[in-house]
Amino acid sequence: MLLDVHDLHVEFHTRDGVAQAVNGVSYGVDEGETLAVLGESGSGKSVTAQAIMGILDVPPGRITGGEVIFRGRDLLTLKEEQRRKVRGAEMAMIFQDALSSLNPVISVGDQLGEMFTVHRGMSKKDARAEAVELMDRVRIPAARERVRQYPHQFSGGMRQRIMIAMALALEPALIIADEPTTALDVTVQAQVMELLAELQREYRMGLILITHDLGVVADVADRIAVMYAGRIVESAPVHDIYKAPAHPYTRGLLDSIPRLDQKGRELYAIRGLPPNLMDIPPGCAFHPRCPMARDVCRTDEPPLYEVTESEAGRGSACHFWRECLHG
Amino acid sequence: MAELSKNDEQGDTTPNVSEVEVVEARTEAEEVAALEAPVERGEPILQVRNLVKHFPLTQGILFKKSVGAVKAVDGISFDLYQGETLGIVGESGCGKSTVAKLLMNLERATAGEIFYKGQDITKLSGRALKAVRRNIQMVFQDPYTSLNPRMTVGDIIGEPFEIHPEVAPKGDRRKKVQDLLDVVGLNPEYINRYPHQFSGGQRQRIGIARGLALNPEIIICDEPVSALDVSVQAQVINLMEGLQDEFNLSYLFIAHDLSIVRHISDRVGVMYLGKMAEIGTDTQIYDHPTHPYTQALLSAVPVPDPAAREHRERIILTGDVPSPANPPSGCRFRTRCWKAQDKCAEEVPLLAVPERFKNSDTPAAHESACHFAEEKDVVHAA
């Protein structure tokens, strides 16, 4: 396993109290595999990624437990100095908003080149040549001329390509993409996702794709981890989960999106709101919104049960996963 | 909503300008009275004809001179029928939000007409304009910035009554606001709370309640659910559908999410770079698209079905949308179109039922602005 996150806990100390953002998340990614982490805002999907990358704001954030095993060593025990060498060179991140992730007063060529001057100690001239080649590889037309331009001179899709180029620069083993196409138009989103999938195949990278879009997930993921209130509620190979979800939250999400290929019936709406992370309901965090909830759900927190009817490793944190799977 | 598509069967969805009943000079009082008259279900309530909005590009600080124009909306026509939902889709920069602002009279049109119950609202002013504005309301995209953080929910929803006191006399207002909160599924006791005390979905309900306050006939929704989480989106969509039936509303629903637009719309218009590329019923557009842009747009939408990924044809467009300040000649889509020929650069394709489908009753016989329109199903897996 390339990356193995084990029982990760993250909390945020704020004036109003302690927000339990991540409450025991475990997931893994192999070389060449795409893991989609699906969840709504506040589910802890991005915070988990920030903890893995080591870019969590501390304080107010604090990792209170767990391990992040990457290529055999626990990143959480490394010193910041060593951590920095891993970041960029061995694992890289692509953010949602390319415009605010790029420095507006430095040319894209210099920003790309920085990867090589800082990590590889290259001369500025060589770094510039590498930058042009990278821009070619992510199919930015006229790379040689555009390398001197600034971020505002590029369209949204092109800026996201530059972000991808930057992440790929040092050929990392793992890429974490946090909502990489959410800000883009659908035709541009298709271009960018195709590029990302192609580059991943070429370099055999592990990819963690963080998203709330069930369509994008179905298109590219091998495995899915569904998060709710800082926990993984279901984890399964992509085909299984769309065929028959084993958690009522996953089922609710799938039923609540309209279909492109048919005129639907009334949409199923999950009642209520996602929980306040400072006051997560006892037992199963989803129970106040769950149509299947019973007394045990209000008191006992469900572990991630192994869904034994599936061949490949599949888990569901629902006491009644069997019922959900067949209902 | 079968009665709405009676025009489609005749293969002509755009009545000519001459068909629009233009009312000759009337007194202001008569104008206002005409605007209050009800419209039958299935009749056009809003008729947009050759609507144009150009934003001038200027140079210089003291002596501004015009150096061109951003052609945000460049001659579009469509009808909105009473009681229906017309979806408008397109990518950013296609002009769909400018259309919303023009219909609200928040921007003045450069040219063209918007007939509301037979009167051109682009030319109205004073009392008549005020009466129109009462009947056409808007729900905005971002529930975080479209509500004043310093006003209570009661003041936000009740503010329209300050401008139109005839709808609710002063003594009744509190009661009226509480009724509205109830209608959109919020607790009427929340009337004294502030926007920050609500979640995104609840805030959008507040925005909808404000839109409903003056009993409008038309609500223009500009990306009303795109800022919301998936599970909350469904709640708001269901609410809007319920309200439409309850209050007999007509919706113009602008969004970039094609699945949501299909779900809520009776008819759909596809915009590209300030022009309408294709318009028809939801089945005509989604299952039988004839414009290459619509086909590319639909094929790019990922569907939540992993089994479909190997079987669906993807049309990946190259390049970006050209600048609306300098659009391509002829067909605006030709620079990204795989079917483009010389004719496309020379002749602007008109939005009409393509010649080849004119005498057939296939669902492909709907208006499409392409010289080489042909049907292609890109949504369903082969």
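Keep in mind that the model is predicted.

**The sheet in chain A**

Let's start with the strands. Chain A has an open sheet of eight strands with mixed pairing, running in the order β6-β7-β8-β3-β9-β10-β12-β11. At the edges sit β6 (91-94) and β11 (305-306) of chain A; each has a single partner strand, so one side of each has no neighbour in the sheet.

Further in, β10 (residues 231-237) and β12 (residues 315-316) of chain A pair antiparallel over two bridges. One detail you can pick out there: E234(A) has S316(A) in β12(A) as its bridge partner.

Helix α1 (residues 45-53) of chain A packs on it and touches β3 (34-38), β6, β7 (174-178), β8 (206-211) and β9 (223-228) of chain A. The direction of α1 makes about 150 degrees with that of β7(A). Helix α7 (residues 156-168) of chain A also packs on the sheet, touching β6 and β7 of chain A, and its direction makes about 170 degrees with that of β6(A).

**Two helix pairs**

Two packed helices are described by the angle between their axes and the distance between the axes. Here are the two pairs:

| Helix pair | Axes come within | Crossing angle |
|---|---|---|
| α8(A) and α11(B) | 8 Å | roughly 55 degrees |
| α4(A) and α5(A) | 8 Å | roughly 115 degrees |

Take the pair that spans the chains. α8(A) and α11(B) are oblique to each other, and the crossing is left-handed. On the α8(A) side the contact is made by V186(A), T187(A), Q189(A) and A190(A), while α11(B) brings A296(B), L297(B) and A300(B). By class that comes to five nonpolar and two polar residues, with no charged ones.

Within chain A, α4(A) passes α5(A) in a right-handed crossing. From α4(A) come G109(A), L112(A), G113(A), F116(A) and T117(A); from α5(A) come K124(A), A127(A), R128(A), E130(A), A131(A) and L134(A). This contact divides into five nonpolar, three polar and three charged residues.

**Where the chains meet**

Zooming out to the whole contact, chain A puts in 37 residues and chain B 35 residues. On the chain B side, α8 (230-247), α9 (258-264), α10 (282-287) and α11 (292-300) each supply at least two residues. Which helix gives the most to that side? That's α8(B), with six residues.

Conventions. Residues are numbered from 1 along each chain as its sequence is written. Chains are lettered from A and ligands numbered from 1 in the order in which they are written. This is a predicted model: local features need pLDDT of at least 70, side-chain atom pairs count only at pLDDT 80 or more; totals for chains, interfaces and linings use all residues. Two residues are in contact if their C-beta atoms, placed from the backbone, lie within 7 Å. Helices (H or I, at least four residues) and strands (E, at least two) are DSSP runs, numbered from the N terminus. Two strands pair if DSSP finds at least two bridges between them. Axes are lines fitted to C-alpha atoms, for helices over the stretch in contact, and angles run from 0 to 180 degrees between N-to-C directions. Angles under 35 degrees count as roughly parallel, over 145 as roughly antiparallel, 65 to 115 as roughly perpendicular and the rest as oblique. A crossing is left-handed if the near helix is turned anticlockwise from the far one by less than a right angle, and right-handed if clockwise. Ala, Val, Leu, Ile, Met, Phe, Trp, Tyr, Cys and Pro count as nonpolar, Asp, Glu, Lys and Arg as charged, and the others, Gly among them, as polar.
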